[in-house]
Amino acid sequence: AGDILIAGQNSVGSWDYSFKPSTRYDTSLAAFCLQALKACKHTGIQFSKIKTVGRKGIDAIIAVQNSNSASEPHFIILPVSPYLYLRVHLRLLSLV
């Protein structure tokens, strides 16, 4: 799964449901993929580029946030600042 997630990240740093090269993305899918990468890291298996892919994924989510924490085009509202939420949460997960 880790190799599929790493190889399936697109040029904008997110993921499409096909996990093939595309600029289409979904913020909820990106969050799920980041959580899955975290789980991969905790297996103890070495995945090349996992930190780079994790950072790029976080940056992709942050890039689409509006000042009110909604994201385009899905308008998902995070409970706190998206940057703070992702940075703290994923840092605690040791992904980045």
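Reader: Is aspartate 59 buried, partly exposed or exposed?
Author: This is a predicted model, to start with. Aspartate 59 is partly exposed, because its relative accessible area is 37%, between the 20% and 50% cut-offs.
Reader: What does aspartate 59 form a salt bridge with?
Author: Arginine 55. The closest N and O atoms of the two are 2.7 Å apart.
Reader: Where do aspartate 59 and arginine 55 lie?
Author: Both are in helix 3, residues 50-63. They sit four residues apart, about one turn of the helix.
Reader: And how accessible is arginine 55, buried or partly exposed?
Author: Partly exposed, at 26% relative accessibility.
Reader: How many salt bridges does the count come to?
Author: Two. In the other, the side chains of aspartate 16 and arginine 24 meet, with N to O at 3.2 Å.
Reader: Is aspartate 16 buried or exposed?
Author: Buried, because its relative accessibility is 11%, under the 20% cut-off. Arginine 24 is partly exposed, with a relative accessible area of 41%.
Reader: Switching to helix 2. How many residues does helix 2 have, and how far does it reach?
Author: Helix 2 covers residues 27-41, so 15 residues. From first C-alpha to last, helix 2 reaches 21 Å, close to the 21 Å expected at 1.5 Å a residue.
Reader: Which residues of helix 2 are buried?
Author: Thr27, Leu29, Ala30, Cys33, Leu34, Leu37 and Cys40.

How values were computed: Residues numbered from 1 in each chain as written. Predicted model: local features only at pLDDT ≥ 70, side-chain atom pairs only at ≥ 80, totals over all residues. Heavy atoms only, no water. Salt bridge = Lys/Arg side-chain N within 4 Å of Asp/Glu carboxyl O. Buried < 20%, exposed > 50% of the residue type's maximum accessible area, 1.4 Å probe, protein only. Helix = DSSP H or I, 4+ residues; strand = E, 2+ residues; numbered from the N terminus. Expected span 1.5 Å × (residues − 1).
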